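Me: I would like to go through this structure by asking what its labels rest on. Please set each value against its cut-off and conclude.

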Amino acid sequence: MKIINNIFYENQWKKSLSKKFFSRKSLINKKKFFYPEVNRDDIQRVILSAKSGLKINKEINLSERQKFIYQIYEKILKNYRILARLETLETGKNILDAQKEIIHSAKIWLYASKSLGSENYKTVLSKHHKAIVNFEPVGIVALIIPWNFPFVVMSERLPFILAAGNSVIIKPSEYASQSLFYLMNIIKKIKYPVGVVNLITGSGPRTGQLLIGNKDINMISFTGSTQVGKKIMKVASNQIKRLSLELGGKNSFIVLKDANINKTINIIIDSFTGNAGQSCVSTSRLFVDNKIKKLLIKKLLEKLNKINNFKKLYGLVSTKKQLDTIRNILKKNQNLKKKLIFGSIDLKKSNFIKPIIFCDLPEKNIINKKELFGPILSINSFDEINDAVNKTNSSKYGLSAVVCGKNKRNNIKVASQLNAGRIWINESVKVNFPSLPIGGYKESGLNRESGTEGLRTYSEIKSVIIKN
Ligand code: NAD
């Protein structure tokens, strides 16, 4: 496979003016990838490209934009195996999961190409007044992507950015860019209007900062850590740039006393170990009704003890930085060994972490508070459901939750009490649908992505009052 080490603008791969590169080693085949380290001049050129792209995309209507989006869907689907392979190279994901992710991503492009209605509408206000409400593009969007699900995260945003008439400058994570490079080849191949989609690379926070700080960027769509999200909010405040933030989480799983235990343990395992726990919606806290606690833990451990290919099933920890973060937290908490019921906290320097489960950790313990982003689960129990709900809602985050139980009404009642943007009932966090909005409460983010909300997020809404 030809490795491209340029940046993408004016619908072409171009050499970076900086002539500097950084490299990343593949976790799968140990090959090195080289990516351009862009400078201010590069960004200026890419902005010019995005400005002309914005003009073109603004002028064509939603249905014309959707034709292009449909072509991208077709190409993604046709090439899903290649894209999945590229996605595994730097992230160390399991290939089957990567294939499912690419197919899910294609479905989002399909949804955006077919299901979004024109948001323009007329309203009669009074006998003498009517109104027109228009959805217009925001402008040039800086789209900053993390390393854990590069293609899915991009696909939850880009089709809606394009459908709303914007142009975009994508900055992939310095740890995982290959699948997004391939997308640029698709853009080129289908002759997408020139300058609408652009991509730059860089090895650290500096590139992202140069991009979002540029006065011509109208909106920042950032997916990543809450810590960086807060910095981005500060930069955006100078010009009141539009913002969409999808950030971290500390996500609960609540098991009610009438839950089907055999089904629930499978959902638990999938929800905390998927992608080696490196998913923003991954479960990291489990609250189980005391009446079934013993049985649930017994069955969960029996099931886990039968699995001998975790590495193949759930993939690797994608970066050394992430591995070090987890190792350091566990190292500092050696006293927690007595609360460990599965796995080991003495981690080797390998990118593989066998799932780790703690039970009955004190509420205040760091493992119960901090987003760890690894296959680590902390189990606590409750007598009254309010206790589990209150502990879940006391987190500074509010991204996702799972509720398992038999009584449908009761499940929905519990879900309605939780402060989280996405809740699964009797289902694992790996199951997704393109038509649904996703986003977080509190420090988990701002705004919603995908679904009809996706189009609104990337639109300026203008209302015009007309006197008859
Ligand atoms: P990160 O915040 O370190 O980096 C995310 C992106 O921001 C990268 O492209 C990075 O290069 C860039 N960046 C870093 N510092 C920057 C700065 N100062 N200015 C501009 N850009 C900057 O996050 P990560 O380690 O790549 O991803 C893991 C985090 O992402 C986790 O916290 C996870 O929960 C979160 N995440 C959230 C969602 C969601 O939808 N809520 C989805 C995926 C990941």
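Reply: What follows takes the labels one at a time, for a model that is predicted.

Me: Why is Lys-348 called exposed?

Reply: Its relative accessibility is 69%. Exposed means over 50%. Lys-348 is above that cut-off, so the label holds. The residue sits in the loop between strand 14 (340-342) and strand 15 (356-359).

Me: What makes Gly-208 a buried residue?

Reply: Gly-208 has a relative accessible area of 9%. Buried means under 20%. The value falls under the limit, therefore Gly-208 is buried. Gly-208 belongs to helix 7. Beyond its neighbours within four places in sequence, Gly-208 is in contact with Ile-144 and Lys-171.

Me: How do you know that Gly-208 is in contact with Ile-144 and Lys-171?

Reply: Contact requires heavy atoms within 4.5 Å. Both partners meet that test with Gly-208.

Me: Is Tyr-111 buried or exposed?

Reply: Buried, because its relative accessible area is 14%, and the limit is under 20%. Tyr-111 lies in helix 4 (residues 95-114).

Me: What does Tyr-111 touch, not counting residues up to four places away in sequence?

Reply: Tyr-111 touches Leu-116, Phe-160, Pro-434, Ser-435, Gly-451 and Thr-452. Ala-236 is 125 residues from Tyr-111 in sequence and 30 Å from it in space, C-alpha to C-alpha.

Me: What is the phi of Phe-373?

Reply: Phi of Phe-373 is near 60°. That is a positive value in a residue other than glycine. Phe-373 lies in the loop between helix 13 (366-369) and strand 16 (376-382). Its relative accessible area is 16%, so it counts as buried against a limit of under 20%.

Me: And why is Ser-450 counted as buried?

Reply: Ser-450 has 3% relative accessibility. That is under the 20% limit, so Ser-450 is buried. Its phi is positive too, about 70°, although Ser-450 is not a glycine. Ser-450 is found in the loop between strand 21 (445-446) and helix 16 (451-457).

Me: What makes the largest nonpolar core a core?

Reply: The term asks for buried residues of the listed nonpolar types, joined through side-chain atoms within 4.5 Å. The largest such set has 55 residues. Those with the most contacts inside it are Ile-76, Trp-109, Leu-158, Ile-170 and Leu-183. Helix 5 (residues 150-163) gives the most to this core, with nine residues. Apart from this core lies another, of 32 residues, among them Ile-269, Ile-357, Cys-404 and Val-429.

Me: Which residues is Leu-158 in contact with, leaving aside its neighbours within four places in sequence?

Reply: Trp-109, Leu-143, Val-168, Ile-170 and Leu-183.

Me: At what angle do helix 3 and helix 6 pack?

Reply: Helix 3 (residues 80-91) and helix 6 (residues 178-189) pack at about 145°, and their axes are 7 Å apart. Helix 3 brings Ile-82, Leu-83, Leu-86, Glu-87 and Glu-90, while helix 6 brings Gln-178, Ser-179 and Tyr-182. By class, four residues of this contact are nonpolar, two polar and two charged.

Me: Why is a cavity not called a pocket?

Reply: Because in a cavity the 1.4 Å probe fits but cannot get out, whereas a pocket is an open set. The structure holds four cavities of 30 Å³ or more. Of its 14 lining residues, Ser-282, Ser-284, Glu-371, Leu-372 and Phe-373 lie nearest its centre. The lining divides into four nonpolar, eight polar and two charged residues.

Me: What is the volume of the largest pocket, and which residues lie nearest its centre?

Reply: The volume is about 1,200 Å³. The lining has 42 residues, of which Gly-224, Ser-225, Gln-227, Val-228 and Lys-321 lie nearest the centre. Helix 8 gives the most to this lining, with seven residues. By class, the lining has 17 nonpolar, 14 polar and eleven charged residues.

How values were computed
Residues numbered from 1 in each chain as written. Predicted model: local features only at pLDDT ≥ 70, side-chain atom pairs only at ≥ 80, totals over all residues. Heavy atoms only, no water. Buried < 20%, exposed > 50% of the residue type's maximum accessible area, 1.4 Å probe, protein only. Helix = DSSP H or I, 4+ residues; strand = E, 2+ residues; numbered from the N terminus. Axes fitted to C-alpha atoms, helices over the stretch in contact; angles between N-to-C directions. Nonpolar A, V, L, I, M, F, W, Y, C, P; charged D, E, K, R; others polar. 1 Å grid on protein atoms, 1.4 Å probe; cavity = no way out; pocket = protein on both sides within 12 Å on 5 of 7 lines; lining within 4 Å. Points joined across faces, edges and corners; volume = space filled by probe spheres on them.
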